[in-house]
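Let's go through this model together and ask what stands behind each label.

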Amino acid sequence: MLILALLLACVPKKDFDALTTELATEKAAHVETNEKKSRVETDLAAEVAKVEALRAKEAELAADLDGARKQLDSERGQWEKEKAGLVSDKSKLKASVAEMEGALREAAERRGQAEARVKEFKDLLARFQKLIDAGQLKVKIVDGRMVVVLATDILFASGKADLSDAGKTSLAQVGSVLASITDRSFQVEGHTDNVPIQTDKFPSNWELASARSILVVKTLVAAGVPATRISAASFAENHPVGDNSTLDGRVANRRIEIVVVPDLSQLPGFDELKATSQ
């Protein structure tokens with residue numbers, strides 16, 4: 001400083017003022033430069049902070065995007081499972097509907113068959129109504145078969161196989177009705193009570209019941225029933241309907257039953273049964 005002062009002391013005032021002005025200008029420029037530097041540094045720091053904030057935001061957004069993707073993948077997987085479940089349920093529902101429709105068709109078919117059988121039974125009752133009202137016979141359902149029941153006391157004398165006059169008249173009327181039923185076959189079944197018989201003609205109740213059923217068949221054929229649609233059978237005392245220890249029970253057991261042979265083609269499974277037999 002002393003040297004500078006000495007030097008300045010030797011400098012003319014004009015030059016000194018110029019130097020002073022120049023120095024002041026340099027100082028001002030230096031201050032301005034420092035201020036600009038400070039502002040630039042401040043701005044730079046702000047920009048760096050912004051960049052860091054943007055990077056942080058970017059990282060946050062990336063994390064959110066990754067989470068969203070994972071959530072989407074999870075939901076897509078769940079949706080695929082639900083879709084597969086719905087497809088499976090739809091298939092099961094279709095199968096269930098098909099099964100139900102099949103069951104309904106089968107039920108409708110069975111109902112139609114049942115209604116047809118009821119109608120046939122009512123028709124049989126109507127055909128025999130006069131004889132039923134006269135007490136000459138009964139029409140029943142026995143073991144799922146339509147059966148015309150005639151008491152043998154009206155048809156035959158005890159222990160005999162010869163038709164009474166009343167029996168011939170009654171069977172002629174029965175034969176006329178049976179002959180009008182063109183789509184059925186008939187089996188005449190002879191039944192006795194358990195009182196044994198042992199004669200030269202009838203060694204047992206088998207022969208007695210058989211002779212009676214055969215004679216009834218012949219009488220019905222003579223009344224117009226085609227021989228190709230009627231047969232005879234004997235059950236002797238083996239199918240009782242009453243108590244053989246009582247008089248009324250034995251009377252009930254002595255009977256002729258004319259069975260309307262079922263049409264097997266109307267029964268469920270007939271086609272399969274036919275195919276198996278072939």
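Q: What makes helix 4 and helix 5 contact partners?
A: Contact means heavy atoms within 4.5 Å, and Leu-171, Val-174, Gly-175 and Leu-178 of helix 4 meet Val-216, Thr-219 and Leu-220 of helix 5. Helices are DSSP runs of H or I with at least four residues, strands are runs of E with at least two, and both are numbered from the N terminus. This is a predicted model, where local features need pLDDT of at least 70, side-chain atom pairs count only at pLDDT 80 or more, and totals for chains, interfaces and linings use all residues. Residues are numbered from 1 along each chain as its sequence is written, and side-chain values use heavy atoms, with hydrogens and water left out.

Q: How do helix 4 and helix 5 cross, and at what angle?
A: The axes of helix 4 (residues 165-179) and helix 5 come within 8 Å and cross at roughly 60°. Axes here are lines fitted to C-alpha atoms, for helices over the stretch in contact, and angles run from 0 to 180 degrees between N-to-C directions.

Q: Why are strand 3 and strand 5 called paired?
A: Two strands pair if DSSP finds at least two bridges between them. Strand 3 (residues 186-191) and strand 5 (residues 255-260) have 6 bridges, in the antiparallel sense, so they pass that test. In one of these, Gln-187 has Val-259 of strand 5 as its bridge partner.

Q: What packs on the sheet beside strand 3, strand 4 and strand 5?
A: Helix 5 (residues 205-222) touches those strands, and its direction makes about 160° with that of strand 4.

Q: What makes strand 1 and strand 2 a pair?
A: They run antiparallel and are joined by 5 bridges; Ile-141, for example, has Met-146 in strand 2 as its bridge partner. The two strands form a hairpin with 2 residues between them, and Asp-143 in the turn has a positive phi of about 55°.

Q: How do you know that Lys-36 and Glu-32 form a salt bridge?
A: The term asks for a side-chain nitrogen of Lys or Arg within 4 Å of a carboxyl oxygen of Asp or Glu. For Lys-36 and Glu-32 the N to O distance is 3.7 Å, so the pair qualifies. Both residues lie in helix 2, 4 residues apart, about one turn of the helix. A search of the whole structure finds 10 salt bridges.
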